[in-house]
Amino acid sequence: MLTICLWTKGRERYIEEILNSISDSLKYDQVRYFIFDNGTEPHIHSILKRWHESNSANGIFVRIESNDPRPATLWRELRKRGIDWVVFPSDDDIFCSEIVVDWMEAIERNPKL
């Protein structure tokens, strides 16, 4: 399973595009998402929560109230859930879903990866 992990403090200018690109990747059964709302403003939190509610079967949504830039905070959340393969697009990126096919082929060629 590949988890697309969006760790965001809420760049409003890009949030819709990154969420749309993650949605596109959810067409693959092997893809899930993990949104870590890192103390976003209320209106960004609403966008993230609404998106998660329409895609909740495919992922996890966690919010902390105030921004915590320490990677250990996110890592702890990932480890609690036993998440294996993770990709971390930035909150101003667009996730290219074509990479999922490459990832699946790499795993098939080398299951010990």
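Predicted model: local features only at pLDDT ≥ 70, side-chain atom pairs only at ≥ 80, totals over all residues.
**Entry 1: two helices.** I began with α1 and α2, which pack at an angle of about 10°, with their axes 11 Å apart; axes here are lines fitted to C-alpha atoms, for helices over the stretch in contact, and angles run from 0 to 180 degrees between N-to-C directions. That angle makes α1 roughly parallel to α2, a term used for angles under 35 degrees.

Residues are numbered from 1 along each chain as its sequence is written, and side-chain values use heavy atoms, with hydrogens and water left out.

I then listed who meets whom, taking contact as heavy atoms within 4.5 Å: E12, I15, E16, L19, I22 and S23 of α1 meet H43, I44, I47, L48, W51 and N55 of α2. I sorted the residues of this contact into seven nonpolar, three polar and two charged.

**Entry 2: the cores.** I looked up the largest nonpolar core, and found that it has 20 residues, with L6, I15, L19, I22, I35, L48 and W51 having the most contacts inside it. Such a core is a set of buried Ala, Val, Leu, Ile, Met, Phe, Trp, Tyr and Cys residues joined through side-chain atoms within 4.5 Å, where buried means under 20% relative accessible area with a 1.4 Å probe, protein chains only. Two or more residues come from each of β1 (2–8), α1 (12–25), β2 (31–38), α2 (42–55) and α4 (98–109). Another core, of eight residues, lies apart from it and includes C5, L74, L78 and I83.

Leaving aside neighbours within four places in sequence, I found W51 in contact with L19, I22, S23, L26, Y33 and I35.

**Entry 3: T8.** I placed T8 in strand β1 and saw that T8 is buried, with a relative accessible area of 1%. The side chains of T8 and D91 are joined by a polar contact of 2.8 Å, that is, a pair of N or O atoms within 3.5 Å, one able to donate a hydrogen and the other to accept it.

Methods
Buried < 20%, exposed > 50% of the residue type's maximum accessible area, 1.4 Å probe, protein only. Helix = DSSP H or I, 4+ residues; strand = E, 2+ residues; numbered from the N terminus. Parallel < 35°, antiparallel > 145°, perpendicular 65-115°, else oblique. Nonpolar A, V, L, I, M, F, W, Y, C, P; charged D, E, K, R; others polar.
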